[in-house]
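Subject: Structure for you to look over

Dear colleague,

Here is the structure I said I would pass on. My notes on what was found in it follow below.

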Amino acid sequence: MKKLPRDAEASNVLVGEVDFLESPFVAFVRLQQAVMLGALTEVPVPTRFLFVLLGPKGKSKSYREIGRAIATLMSDEVFHDIAYKAKGRKDLLAGIDEFLDEVIVLPPGEWDPDIRIEPPKSLPSSDKRKNMYAGVEAPQMNGDTPHDAGHGGGGHQVGEELQRTRRFCGGLVLDVKRKLPFFASDFYDALNIQSLSAILFIYLGTVTNAITFGGLLGDATENMQGVLESFLGTALTGAVFCLLAGQPLTILSSTGPVLVFERLLFSFSKDNGFDYLEFRLWIGLWSGLFCLVLVATDASFLVQYFTRFTEEGFSALISFIFIYDAFKKMIKLAHHNPINSEFDHNLITHYDCRCVPGNLSLLDTSAWTNSTDLPENATWASLTIQQCEKFGGQLVGKACDYVPDITLMSFILFFGTYTCSMALKKFKTSRFFPTTVRKLISDFAIILTILLFCGVDALVGVDTPKLIVPSEFK
C-alpha cells in the first residue's frame, strides 16, 4: 500500500467460462465514482474499471490471454488516460491502436537465450503518443477540458473563444467563422429519437417556465405582464437566439432574479408615478445598447475570470426561488380551499344549505319575476348562491362552508408528479424491460409524468386551479 500512489484506483479483469452462453460476452465498465468492492481487489483500493469476459466452455486459455492483454493495456499510462475519458467503443479501439503502434513484439519461436537484447539507450517518450491523442478531439469527462491531464478534476485553460482580439467586433467575426461550418448540422443532427426526447424536454422546460413566471409576473405587475406576454417574449427571443447566436437546445425564459427585479421595478414605478411599461421599455433599450458595446469591445473575454462557484451560486439561487414559489403557491391554495378535516359521514343527514330572506331583502318573491329571468314559481329555497346574494338573502346550514378537497388533490398531483418523474428518470438503471425501452422511458420521463398526472386530474374531476391564459394580447 505504501508503494501505491495517492488516489490510486483499481481495474478488475474478470474472465471465465459458463455453460449457458453460445458466444462470448464482453463488457468494459467505467464507474462514475470509484467504489470499494470488498476482497475482490485483495488490497483496499477503490475500483474504477471492470472488464468482464464470459464465454462458452472449452476456450478458457483464450479468455485468460484476452484478460492478460486487457490488464497490460490498463497498466499503460496513455491507454488508462484514454479509458478515463472514452465515451464509447470507438474511443477504446482507437486507444488500443495507439498502444499497438508503439509496442515491441518478440516472436516466440526464434528466442535464443544466449542473445541478450540490450535495452534502448533512451526509453521512448509517452508524450508523443499523448500529443497524437490530443491532436484529435479528445473525449472528455464532465468537468474536464481538452487541456486537462486529470480524470474529471476540471481545468481552467483559456480557449481561443475567450482571447481578446483588440479589434472592433473581432470576437464576433471569429465567432461567426467558427459557427458557420456547423450551422446546418446543428439542425439535421437533431433527426434522432434521443434528440427528440431532449427537444421535448427543453420545450416543456421552457413552456412550464414561461407559464410559472408568467403567472407570477401577472401577480407581481397587476397583469401588465402575464402569461401571454411571457410566451410571446420567450418565443421571439428564443427563435432569434437559436438561429443567430447559440446552440438550439437551450432553455430560454424568465428566471427567479428577473421576477424579483420586475416586482421591485413595478413597486418603484407605482410609488414614483412612472408608467411601468414605458420604464420597462427604456431599461430594455439600455440593456440592448450595453450588450452591443460589450460585443464590439470583446468584453466577453472577462468570462475567463468567472469560476464555477459563480455559476453554481446563481443556479442555486434560481433553483431555490423555483422551489420556494412552488411551495408558496400550494400554501396559498390551502388557505383559500381548506381541507374538510371535520367532515363526519355519520352526520350527513344534518348537512344542508338553504337560502332564507335577509334583513334587507324583499319578502315578496313575485316582484323578482317581473324584471329577471327567474321562473314565476321561484322561492327562496330554489335560488342559487349568486341569486341569493343578489336579492339580499342569507345562506343557512352546516354544508354552506363545504368546499371540495381541492387542496388535497393539488398536493397529491404536486408530490406525485415530482416522485413519478424522479422514479422514471432513474428507470434506466432498473431490471425491467430491455435497455432500449428503459432508456426511452428515462429520456421521456418528464413528458410521460406530466401527461399521466394531467390524465389523473381530468379523471378525478376535482376542480383544481388551472392557469387562465387570456385569448387576446393587450
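I start with Tyr 324, which is partly exposed, with a relative accessible area of 46%. Please keep in mind throughout that this is a predicted model. The ring of Tyr 324 pairs with that of Phe 320: the centres are 6.3 Å apart and the planes stand at 15°, so the pair is stacked. The angle falls in that class because planes under 30 degrees apart count as stacked. Both residues belong to helix α11 (residues 308–336), where they are 4 residues apart, about one turn of the helix. An α-helix has 3.6 residues a turn, so residues three or four places apart point the same way. Phe 320 has 56% relative accessibility and counts as exposed.

Aromatic pairs

In the whole structure, the search finds 15 aromatic pairs. Another of them joins Phe 274 and Phe 279, and this one is edge-to-face, at 5.5 Å centre to centre with 70° between the planes. Both partners are partly exposed: Phe 274 has a relative accessible area of 44%, and Phe 279 has 26%. There is also a cluster, in which ring pairs link Phe 327, Phe 411, Phe 414 and Phe 415.

Annotated spans

The unreviewed UniProt entry carries the annotation "transmembrane region" for residues 198–218, 238–261, 281–303, 309–327, 406–424 and 444–462. I looked at two of these spans in the model. Residues 309–327 are 100% helix and 0% strand, and their end C-alpha atoms lie 27 Å apart. Residues 406–424 are likewise 100% helix and 0% strand, with 26 Å between the end C-alpha atoms.

Helix α15 covers residues 435–443, and its buried residues are Arg 438, Ile 441, Ser 442 and Asp 443. Which elements cover them? Among them are α7, α14 (406–425) and α16 (445–460).

Salt bridges

How many salt bridges does the structure hold? The count is 6, and three of them are described here.

One is between Arg 48 and Glu 9, whose closest N and O atoms are 3.3 Å apart. Arg 48 sits in strand β3 (residues 47–56) and Glu 9 in the segment before β1 (10–18), so this bridge ties together parts that are 39 residues apart in sequence. Arg 48 is buried, at a relative accessible area of 7%, whereas Glu 9 is partly exposed, at 30%.

Another joins Lys 270 to Glu 222, with 2.5 Å between the closest N and O atoms. This pair also links distant parts of the chain, 48 residues apart: Lys 270 is in helix α9 (residues 256–272), and Glu 222 is in the loop between α7 (193–220) and α8 (227–244). Here both ends are exposed, Lys 270 with a relative accessible area of 54% and Glu 222 with 51% relative accessibility.

The remaining one in this note is between the side chains of Asp 175 and Arg 178, at 2.6 Å from N to O. Both lie in helix α5 (residues 170–179), 3 residues apart, about one turn of the helix. Asp 175 is partly exposed, with a relative accessible area of 39%, and so is Arg 178, with 23%.

The elements that give two or more residues to the patch are α5 and α8. Which of the elements gives the largest share? It is α8, with 3 residues. Leu 243 lies in this helix and is partly exposed, with a relative accessible area of 47%.

Regards

Note on methods
Residues numbered from 1 in each chain as written. Predicted model: local features only at pLDDT ≥ 70, side-chain atom pairs only at ≥ 80, totals over all residues. Heavy atoms only, no water. Salt bridge = Lys/Arg side-chain N within 4 Å of Asp/Glu carboxyl O. Buried < 20%, exposed > 50% of the residue type's maximum accessible area, 1.4 Å probe, protein only. Phe/Tyr/Trp six-rings, centres within 6.5 Å; stacked < 30°, edge-to-face > 60°. UniProt positions renumbered as here; feature names shortened; annotations may be inferred. Contact = heavy atoms within 4.5 Å.
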